[in-house]
Amino acid sequence: MDSWKAVLPFPPSLNAQYLNARRKTERGKVYNAKRLSPDAIRFREMVVVAVRRGHRAPPRLTGRLKVLVYALPPDRKMDGGKNRNRRDLDNLWKAICDALTKAGVIADDCLFDDSRIIRGNPTGPGYVLVSIEPFHPDAALLRVNTVFAAEVRGLAEPGTASLPF
């Protein structure tokens, strides 16, 4: 499996992605339901167009994956400044994963074993750069052993330099 990279539009916040819908039957019973907001529907459609640009079929990645998302927001709500209406990076994650699943890039967002999201500087309309690659657990364990070498020594069995699992 190869890696996949794309430039996608900036997603709506998860807080504004779903709307509450109340429906009343003829007998007067009220049902509460959640539905996608118009902004969320438009975002998913734009991701499908971006993925299939040039009449390309989506890659439909499977297996263990790692993803890197570089978020370039459309405004300064992410700068942590005086604006009380700030954006949370976690709120972007679900919208991006759902749109990639809907566009056919990934089979399911549960395939991500390693995920990172990085905030960039604000740019015009805002973009999200997405890179998806195969995940290699042995390489990840080697990195964990390197980064946490001192802590690992206390957890590892005597005579070994790796985690006990």
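Start by selecting Val130. Setting aside neighbours within four places in sequence, Val130 is in contact with Trp4, Lys5, Ala6, Leu8, Val67, Leu68, Val69, Ile96 and Leu100. Keep in mind that this is a predicted model.

**The core**

Now show the largest nonpolar core, a set of 28 residues. Val130 is among the residues with the most contacts inside it, together with Trp4, Val47, Leu100, Val105, Ile106 and Ile132. Colour by element next. β1, α1 (38-51), β4, α2 and β6 each give two or more residues to this core. Which element gives the largest share? It is α2, with 8 residues. Nonpolar side chains tend to be buried together in soluble globular proteins.

**The sheet**

Hide the side chains and show the strands. An open sheet is formed by 4 strands, in the order β1-β6-β4-β5, with mixed pairing. Go to the edges: β1 (4-9) and β5 each have a single partner strand, so one side of each lacks a neighbour in the sheet. From one strand to the next, the twist averages 15°.

Zoom in on strand β4 (residues 65-72) and β5. The two run parallel and are joined by 7 bridges.

Bring back α2. This helix packs on the sheet and touches β1, β4, β5 and β6 (127-134). Its direction makes about 125° with that of β5.

**The aromatic pair**

How many aromatic pairs does a search of the whole structure find? The search finds 1. Select Trp93 and Phe112: the ring centres are 6.0 Å apart and the planes stand at 55°, so the pair is tilted. An angle over 60 would count as edge-to-face, and one under 30 as stacked. The pair links distant parts of the chain, 19 residues apart. Trp93 sits in helix α2 (residues 89-103), and Phe112 in strand β5 (residues 112-119).

Are they buried or partly exposed? Trp93 is partly exposed, at 23% relative accessibility. Phe112 is buried, with a relative accessible area of 12%.

**Zoom out**

Finish with the whole chain as a cartoon. Count 4 helices and 6 strands. Along the sequence they follow the pattern β-β-β-α-β-α-β-β-α-α. Of the 165 residues, 32% count as buried. Among contacts with a separation of 6 or more, 71% come from residues 24 or more positions apart.

Conventions
Residues are numbered from 1 along each chain as its sequence is written. This is a predicted model: local features need pLDDT of at least 70, side-chain atom pairs count only at pLDDT 80 or more; totals for chains, interfaces and linings use all residues. Side-chain values use heavy atoms; hydrogens and water are left out. Rings of Phe, Tyr and Trp (its six-membered ring) pair if their centres lie within 6.5 Å; planes under 30 degrees apart count as stacked, over 60 as edge-to-face and the rest as tilted. Buried means under 20% relative accessible area, exposed over 50%, partly exposed in between (1.4 Å probe, protein chains only). Two strands pair if DSSP finds at least two bridges between them. Axes are lines fitted to C-alpha atoms, for helices over the stretch in contact, and angles run from 0 to 180 degrees between N-to-C directions. Contact means heavy atoms within 4.5 Å. A nonpolar core is a set of buried Ala, Val, Leu, Ile, Met, Phe, Trp, Tyr and Cys residues joined through side-chain atoms within 4.5 Å.
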